[in-house]
Amino acid sequence: MTAFTHHFMYDFRTGLREKSLLMLNYLFPLGFYILMGLLMTGLNPTFAPTMIPTMILVAMMANALLGLPNPVVESREAGIFRSFKINGVPVLSIVTIPVLSSFVHIILISIIITATAGPLFGGGIPTNWGWFVIILILSAFTFASLGMLIGVVSPNSRAIVLLSQVIFLPSMLLGGLMIPTSMLPPALYRVAMILPTTYSMNAWKGLAFGMETAFDARWSVLILFSSAVIAFALAIYLFSWDSKNKQHGRNPLLALVILIPYILGAIFLVG
Amino acid sequence: MQDEVILVKEFRKVYGDSPAVDGISFEVQRGEIFGLLGPNGAGKTTTLESLEGLRQPTSGSLSILGIDPTRQSNRLQNLIGVQLQSSGLPGYMTSKEAMEFFCAYHKVTTRPDLLIRLGLGEKLNSQFSTLSTGLQRRLSLALAVAHEPPVVLLDEPTAGLDVGSRVELHQVMRELQAKGTTIILATHDMAEAEKMADRVAILLNGKIVALGTPTQLTATGSGLVKISVSSDTACLVNSAELFPEVEKQLLKDDYMIYYSRDAGATVPALLDYLKAQDDRLVDLRVERPSLEDRFLEITQPDHSNRG
């Protein structure tokens, strides 16, 4: 096995071994999925057709925004990255492997949700499986890269909670998961347009489920793709080995560059 | 055998306005165990971390086997083994995984034999966070030497270890030295430095204030021999002025302790005095100055003067 494989296997196993990660990667999303399946399908008839992408996005956010960043900060604080540097572990591996491992956990839980939502809760089934998979992969990379970027720029665990919740909570409320974005008042709709879930839901609805969308779903694919690439590149660029050694530290405010595709979307795609 | 493996020239590292290391120079020969001693904040860890390529010198130069750790740290990775002061390992990583992980990055075959040799044979599948401090240190040492680097940098390797673990780690260091490995040992433990190091540098406020073999360093101190005497009565109290070679006297744990310039003259005089006072000698110990005594003389002159 190569060093990369060893590293990946360790990181993936940690996602199952560590109780808080197991909770965020699997137990919380699955529990929430079952609860929503039992409650919402009866209360809100518009929920079932988009249940699969909604629940997958909740799982993605729990995994990538709430679970992924903390080990990054802890490793930096505990000198683990310094030890990695001395032993030749490259930045590319340190940034890529948690993103990949998060991606695999997301795919696994997405398979569970996709396979069971229809038979258990009458969830809508994609009409175009190709686009469904493409958007799943794209969204998973987008959220995992965002999670890594949060971990890289957060000086401590409190900052992670703050930054993660700045995306997580508005996404749950305004990002098209619980209420279709088309039903939001104009001001909140603009806020929704700077949230990645809005674009994931738009892309899935338009391209994988054959539903009507507020704007061309292909723009959503482009915005998700740009955002994944920018977040990943920023995570590598802003990565620091050591919380004590600031001499090569780059300005974490550069991470705000990640907002560019979403702001462009909010400006040009709102009719 | 006298080739220089590590060269430090006028190395200076400044944080903000204050220098952590202030223009130190030393060299370490192949196969040598070189001790870096000093109180907290003296600059030991900064020096080690700069040699490891983790910090950039403000001025001066550092090299290991002719490689600049700051500019060519990639070339250094297989040539040095490092045991950091902090754990440096993820808590959920098992001993076996850690060995596989680091060996894979160093592109060498995994070394379970080292784990067994260092007493981790039954803890191969134990996660790092569940290991005792001693076992964590042993694992860190195993990982530092698994790729058989010619240079090993150890930062407080035996801190918090029990006697058995310390002896075991010292034995491993001796074995490495016998194979020609060059070792820098940063430690607070004077006895360890005196026992293990061929030469030591004492750092104080970022400067080297003493450099040499432990024997040379102790010889260049005040040279006072410590004579501890215990007797049945209190006749030795305030007796220092009776013995011309004695510079200091203090009472500690029923022992009257004299610091003498000439033990050969003081000991017979003491015995004669006890006999004259009809006192009975219970215990008598004569100790040459240790590295710790010399260290205290240098780093805490006030403490040393108080005896």
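User: Is Asp253(B) buried or exposed?

Analyst: This is a predicted model, where local features need pLDDT of at least 70, side-chain atom pairs count only at pLDDT 80 or more, and totals for chains, interfaces and linings use all residues. Residues are numbered from 1 along each chain as its sequence is written, chains are lettered from A and ligands numbered from 1 in the order in which they are written, and side-chain values use heavy atoms, without hydrogens and water. Buried means under 20% relative accessible area, exposed over 50%, and partly exposed in between (1.4 Å probe, protein chains only). Asp253(B) has a relative accessible area of 63%, so the word for it is exposed.

User: Which loop holds Asp253(B)?

Analyst: Helices (H or I, at least four residues) and strands (E, at least two) are DSSP runs, numbered from the N terminus. Phi of Asp253(B) is near 50 degrees, a positive value in a residue other than glycine. Its place in chain B is the loop between β11 (246–252) and β12 (255–260).

User: Where is Asn205(B) found?

Analyst: Asn205(B) also has a phi near 50 degrees, positive although the residue is not glycine. With 62% relative accessibility, Asn205(B) counts as exposed. In chain B, Asn205(B) lies in the loop between β8 (199–204) and β9 (207–212).

User: How many helices and strands does chain B have?

Analyst: Chain B has 307 residues, and buried ones make up 52% of them. Its C-alpha atoms fill a box of roughly 75 × 45 × 40 Å along the principal axes. The count for chain B is eleven helices and 13 strands.

User: Why do Phe26(B) and Phe34(B) count as stacked?

Analyst: Rings of Phe, Tyr and Trp (its six-membered ring) pair if their centres lie within 6.5 Å; planes under 30 degrees apart are stacked, over 60 edge-to-face, and the rest tilted. By this rule there are 19 aromatic pairs over all chains. For Phe26(B) and Phe34(B), the centres are 4.8 Å apart and the planes are at 10 degrees, so this pair is stacked.

User: What are the relative accessibility values of Phe26(B) and Phe34(B)?

Analyst: Both names come with the word buried: Phe26(B) and Phe34(B). The value for Phe26(B) is 3%, and for Phe34(B) it is 0%.

User: Which ring lies under the charged end of Lys248(B)?

Analyst: A charge sits over a ring if NZ of Lys or CZ of Arg is within 6 Å of the ring centre and within 35 degrees of the ring normal. The charged end of Lys248(B) is 4.7 Å from the centre of such a ring, and that ring belongs to Tyr259(B).

User: At which residue does helix α2 of chain A bend?

Analyst: The bend at a residue is the angle between axes fitted to the seven residues ending there and the seven starting there. Helix α2 (residues 19–43) of chain A bends by about 35 degrees, with Pro29(A) following within four residues of the bend. Buried residues of α2(A) include Leu24(A), Tyr26(A) and Phe32(A). The bend of α2(A) is at Leu27(A).

User: What is the radius of gyration of chain A?

Analyst: Chain A has twelve helices and zero strands. The radius of gyration is taken over C-alpha atoms, and the globule rule is 2.2 Å times the number of residues to the power 0.38. That rule gives 18 Å for 271 residues, and chain A is close to it, so chain A is as compact as a globular protein of that length, with a radius of gyration of 18 Å.
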